Amino acid sequence: MTHIWQLPITIEQDSFVFHGVEYTICKKLDRWLESGAWWLGEPMLEFVLVATKPQGLFEIAITPQGETLLYQSFD
Amino acid sequence: MTVSLHTHSAYSLLDGASLPRELITRGSELGYKAMALTDHNNVSGVWEFQRLALEAGIKPIIGCEFTLFDGSHLTVLAENYLGYEKICRYLNSTHKGDNNLPTGDGIFILSGCRNGRLQRLILQKRYREALEQAQVWARFWPGRFFLELSHDQLPRTIEIFSALTEIATRLSLPTVATVDVHYAYPEKFPVHDALSCVRLGIKLNDVNPERSFNNASYLCTESELKERFGSFPKALEGAYALAEMCEVEPLRPPNLLPVWPDADEKLASIAWQGLARKYSPTNKQAPARLQHELQVIATLGYSGYFLIVYDLVSVAKKRQICYQGRGSAAGSLVSYCLDLTQVDPVAHNLVFERFLSIERSQQPDIDIDFDWQKRNELWDYLEHKYGHEFVAGICSFHCYREDMAKNDLLRIGLPDKLIPSFIESFYGLPRHIATHSSGLVISSKSLSSHVPLIKAVTGRTIISLDKDDVEEVGLVKLDLLSLRTLGALAEMDLPVKADDKATYEMISSGKTLGVFQIESPAQRSLQQRIKPQNFSDIVSSVALIRPGPIKGNMVEPFIKRQRKEEKITYLDEELKPYLEKTHGLIVFQEQVIQIATALGGFTPGESDRLRKALTQKKREVELKEFRDLFLARALDRGTSSETAEAVFDLLQSFAGYGLCEAHSASFAQTAYKTAYLRCHYPAEFFGALLNNQPLGYYPPQSVLWEAKRCGVKVIPLNINLSPLATMGKNGELCLGLNLIKGLHDPVLKAISQKRPFHSLAELDFISPAQLRPLVLAGALDSFSSSRRSLLWELWGTKSIPGDFTPWERFLREMMVLSLSPTAHAMQFYRSQLPAATLTAEKALKSPGSILFAGQILRPHRPPTKSGNPVVFFVMEDETGQVDVTYFPRGKQLPIREGGIALVSGTIDKERASNLLLNDLTYLGAPRQV
Ligand SMILES: [Zn+2]
Ligand SMILES: [Zn+2]
């Protein structure tokens, strides 16, 4: 199942906490850029697809200001 | 080292946001060594791209991104001209449904962007099939097939790269790194995205897989490339290596000019024969000039081209097709001796250098107007004679202007506040190709190997290159224009006597409605004031009402000097020989050349470049250089710096927006012919005008009523008696059934075969839909006095007594004929107008304040020197036309085409009976009709 979260998270030393569980990034699987609705002033976002321990697959978005959002999770 | 092997320009129509110039400028800033142009399925931008790249010191590589039959993409680069030919041939054959990809020497094939066939298979995880396809291609293009790693910051890029690298290893194929560039700078991404929405016909809010995902498709810096391809350094090296493999020599097409054995001798022989026919043996000037011109033409290699044009007009002559050479070609004695043009350039002292000069080595541009109904026949002749493969039309790229950009941007839903900046970004980008140009080229080699071709809706083959690029490829353009006036002249086929006094008198009195080029209000006012006495007065007047002389403030002084109300002076006595015929003023483009030659010591070629710099925008730097050069040289030659500056300012104010004298002379000749015919054969003249509509400045109703005012008797329509086409003869103008809109040719033919008819019942072979306009036009009036009853009968209903009112009849005649043989709109208003209202005829003879009523025609708002708005229009009633000038101050009166109004104003006797508008009231429908 895919869930779209768009939750602000803090990543410290390759780890972040999500729903009370601490995940550690073990591999960056993919990276890409995605433009938002630029005509409405939305910024370009950088996306990273990461595999974690405990086992999980997350899409993390990084804004131009360096803020990170947990964008999607895949079960 | 940095290279780009995959670059789209704006010639990937609506899929590229940068013109070649911007790409090359950016590439040059970033130190690119080589750049390949790979537009989608076309090579329209290659010549511009190559020229600019060479100027910037970047190695240009010519290529194309093909879309294969399954919709997948493939990048193809030309190693050399052979490869370019193969690309052209492939693209040109796909229009015929051919799908044989080019092979062998000269080309390099790259597996394409993310839309490539291999990449698509990889994204679907069909790795084995991807490998097999790569294997097939590697065998098909041995040593010339490359796996393209195209990095566009999209998801799964690394996955694709890894799979392609794996294939590369297994099959020992090289990889090359690319970015699928669609704009020069990342900031241009929104522009590209907006263009894509226009292309796809969607709104910005719509989701569409064809739109780009992010702003990564720009020209990267070297470090950005290293970052994108960090894990695949071999691909970067592969790209440099491939760029190196392409030939250093830029692409140069072979000579495509039509060659003829002994062309120089043949041309000379025909020209000398022409000279002998046209000039007396005592004329010393003509032979020397002909010798010189022939030499220039031979040196530049254009003799064959002249022979082609000569052959074409010979055919036109044989088939009795009216034609008239125009433009700068009319300044050539060779053109005149070959009968390409009809104005004597020696007698009128027309300048040859404006047309051709060795140092300029610009291609000759021969424009010929043909009878509009016969032009296609001549085009067919050329295709037939030289072969379809060798003759093609040229197109024009319609580039974004403000209005078009605004419309498109509004349509895709761009927020208002962003529109101005986007208009600027869109400006100048090609939007679509227009194929209806009059220009064509004839080549000595099969065009499909050398230039991109498309098929126009008309079925003609068209070269999809800008006209400057057509020149760069070495093809010479021939313009076959169509002119309705020539159709009208051909139809009349009447003798015209030169220097006819009555004709000049008629022109001087401003009675020029229908006369070619001098019928507009501005022209007719000019004619009344300068009162032309001879042909060259008409030549000047044709050129005078143009932006150049108007902006250069030449018109008023010209009129005053012509009327001997102002002394003729010259800024410098040395200019007298060149400006004498125009009373010391600059009216023609050639005079710019002559002045620069005389005062600035410019060579003819330099002078012509100056003329161009004066005409074209964005040439300020060049113009400044010319100014300095002109002043320095003039000073050297003993002219005072004040005078030199004044002369240069004069040249600049003229700004080159004038006509060339040769062209004016051609037009003036047609103007004189039509004026002569109007003067002596009014019925024939106005009949021919009505048959060749739309033509000229005024609507058919105005033409018809002018005929009436000239004493021509108009015979209304009658199904049994009217000719099929309108015919004027001996003072009678018989309206033709062809004037009736909605009546098709087969019906006309049947009518002419089956008439006479005595009742509606006998017309049962005509559908009611086509009978209706016949009734409304009055062509069936002999069956019944009531047109309304006829309509009832037509629809099978029992007729109800009564008829249309005269006003209703009139409106219906206007609807189906665009004219009314018996009524003028103003006649219906006469009884309701104030008693003091004058008719046009009386108004023109009544200086001072007047009241006048008429129908408004042709309002226009020209730019003025002062910037204050002004509206010019014509007001017409049954007795004539009055030209009106309106300066809107304070309250703005709306001026509407076709509106019927009562106006007050002042008739200015000095200004050729022009009415200066004071107030205007629109009249609704007439009260008693
Ligand atoms: Zn592509
Ligand atoms: Zn592409």
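Val176(B) is buried, with a relative accessible area of 0%. Buried here means under 20% relative accessible area, exposed means over 50%, and partly exposed lies in between, using a 1.4 Å probe and protein chains only. The model is predicted: local features need pLDDT of at least 70, side-chain atom pairs count only at pLDDT 80 or more, and totals for chains, interfaces and linings use all residues. Residues are numbered from 1 along each chain as its sequence is written, chains are lettered from A and ligands numbered from 1 in the order in which they are written, and side-chain values use heavy atoms, with hydrogens and water left out.

Stay with Val176(B). This residue sits in strand S7 (residues 175-178) of chain B. Strands (E, at least two residues) and helices (H or I, at least four) are DSSP runs, numbered from the N terminus. Setting aside neighbours within four places in sequence, Val176(B) has contacts that include Leu5(B), Leu110(B), Phe146(B), Ala235(B) and Leu242(B). Contact means heavy atoms within 4.5 Å. Leu149(B) is also in contact with Val176(B). The two are 27 residues apart along the chain, and their C-alpha atoms are separated by 5.9 Å.

Next, the helices. H1 (residues 20-29) and H2 (residues 46-56) of chain B have axes that come within 9 Å and cross at roughly 25°. Axes are lines fitted to C-alpha atoms, for helices over the stretch in contact, and angles run from 0 to 180 degrees between N-to-C directions. H1(B) and H2(B) are therefore roughly parallel to each other. That label covers angles under 35 degrees; over 145 is roughly antiparallel, 65 to 115 roughly perpendicular, and the rest oblique. From H1(B), Pro20(B), Arg21(B), Ile24(B) and Ser28(B) meet Glu48(B), Phe49(B), Leu52(B), Ala53(B) and Ala56(B) of H2(B).

Now the metal site. Which protein donors hold the zinc ion (ligand 1)? They are Glu65(B) (OE), His73(B) (ND1) and Cys113(B) (SG), at 1.9 to 2.3 Å. Donors are N, O and S atoms within 2.8 Å of the metal (3.2 Å for Na, K and Ca); water is not among the atoms, so sites may look incomplete. Their spacing along the chain is E-x7-H-x39-C. Glu65(B) also bridges to the zinc ion (ligand 2), 3.3 Å from the zinc ion (ligand 1). Glu65(B) is buried at 0% relative accessible area, and His73(B) is buried at 12%.

Finally, Leu690(B) lies in helix H30 (residues 682-691) of chain B. Leu690(B) is buried, at 4% relative accessible area. Beyond four places in sequence, its contacts include Pro700(B), Val703(B), Thr726(B) and Leu819(B).
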